[in-house]
Protein chains: 2
Amino acid sequence: MAGHRSAPQHRDPKDVPVETVFAALAEPVRLEIVRQLWASEDWARACGSFDVAVGKAGLSHHFGVLRDAGLVEQRDEGARRVNRLRREEVEAAFPGLWELVNRRR
Amino acid sequence: MAGHRSAPQHRDPKDVPVETVFAALAEPVRLEIVRQLWASEDWARACGSFDVAVGKAGLSHHFGVLRDAGLVEQRDEGARRVNRLRREEVEAAFPGLWELVNRRR
DNA sequence: CCGAGTGTACGACTTTCGTCGAACACTTCA
DNA sequence: TGAAGTGTTCGACGAAAGTCGTACACTCGG
């Protein structure tokens, strides 16, 4: 694994309150990560592959928030931790959310 | 007016970034206000008429945030300041947002 | 004109949040 | 085995956000 004692813990989008999702997406860095993830294939992007202005520690924190909000799923792949957006699950729990996220303004 | 030197200043939802809207709705008190407002007729509710656990000062602050996010419009009516949800404008700028807000989870 | 009612402005306080540096754990590759 | 790469955890720091009390401004009804 990539420096972790255990596999990442996920929360089902169905069990996440809307406030939590809104809070997760209200942060510029996290919103940017999600947008870049939207334009990528599932499991194609490792955590460190994102073009955002924040160090490793901060990045790790943000991914934790996105995970807790049920927006992102992570899996360990060798030394790296790869991500995927939970497109279907989130769309089912919060219909129209992805459209809002990707409607750049 | 109701203790104000000038009329409230509003921002067009079209000019508001999504992060700002998300941040406004990520706060429990504000989300509750918006939901109660959704179930009310336009201009029917004054600021002090909301059943939330916060004092006058905090309430005033929250309404300022909602205004800056383009979600709420305010108008002075005698000694009171009445509110309306900007349903159409917001729906046009952020389609599906109201559905998310009112999808209690 | 005075008192009650409504809401804002200001300042202070507390908590939360984003950030960083450093140490650590694990994998991969030479 | 050893070095490089990846990501987490911890502690600390500063900035931002929510809350409250107070003072103030304005309106309305006796």
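**Close-up views of a predicted two-chain model**

**View 1. Helix 2 and helix 3 of chain A cross at about 70°.** In chain A, helix 2 (residues 28-38) packs against helix 3 (residues 56-68), and their axes are 10 Å apart. (Helices are DSSP runs of H or I with at least four residues, strands are runs of E with at least two, and both are numbered from the N terminus; axes are lines fitted to C-alpha atoms, for helices over the stretch in contact, and angles run from 0 to 180 degrees between N-to-C directions.) This angle makes the two helices roughly perpendicular, a term for angles of 65 to 115 degrees. From helix 2 of chain A, A:Val29, A:Arg30, A:Ile33 and A:Val34 meet residues of helix 3 of chain A that include A:Leu59, A:His61 and A:Phe63; contact means heavy atoms within 4.5 Å. The residues of this contact divide into seven nonpolar, two polar and one charged. (Ala, Val, Leu, Ile, Met, Phe, Trp, Tyr, Cys and Pro count as nonpolar, Asp, Glu, Lys and Arg as charged, and the others, Gly among them, as polar.)

The model is predicted: local features need pLDDT of at least 70 and side-chain atom pairs pLDDT 80 or more, while totals for chains, interfaces and linings use all residues. Residues are numbered from 1 along each chain as its sequence is written, chains are lettered from A and ligands numbered from 1 in the order in which they are written, and side-chain values use heavy atoms, leaving out hydrogens and water.

**View 2. Helix 1 of chain A packs against helix 1 of chain B.** Both helices span residues 18-25, and they pack at an angle of about 145° with their axes 8 Å apart. Chain A brings A:Glu19, A:Phe22 and A:Leu25 to the contact, and chain B brings B:Glu19, B:Phe22 and B:Leu25.

**View 3. B:Val34 sits in helix 2 of chain B.** B:Val34 counts as buried because its relative accessibility is 0%. Among the residues that B:Val34 touches are B:Leu25, B:Leu66 and B:Trp98.

**View 4. A:Trp43 has a positive phi of about 65°.** This residue lies in the loop between helix 2 and strand 1 (45-46) of chain A. Most residues other than glycine have a negative phi.

Methods. Parallel < 35°, antiparallel > 145°, perpendicular 65-115°, else oblique. Buried < 20%, exposed > 50% of the residue type's maximum accessible area, 1.4 Å probe, protein only. Lists of a residue's contacts leave out its neighbours within four places in sequence.
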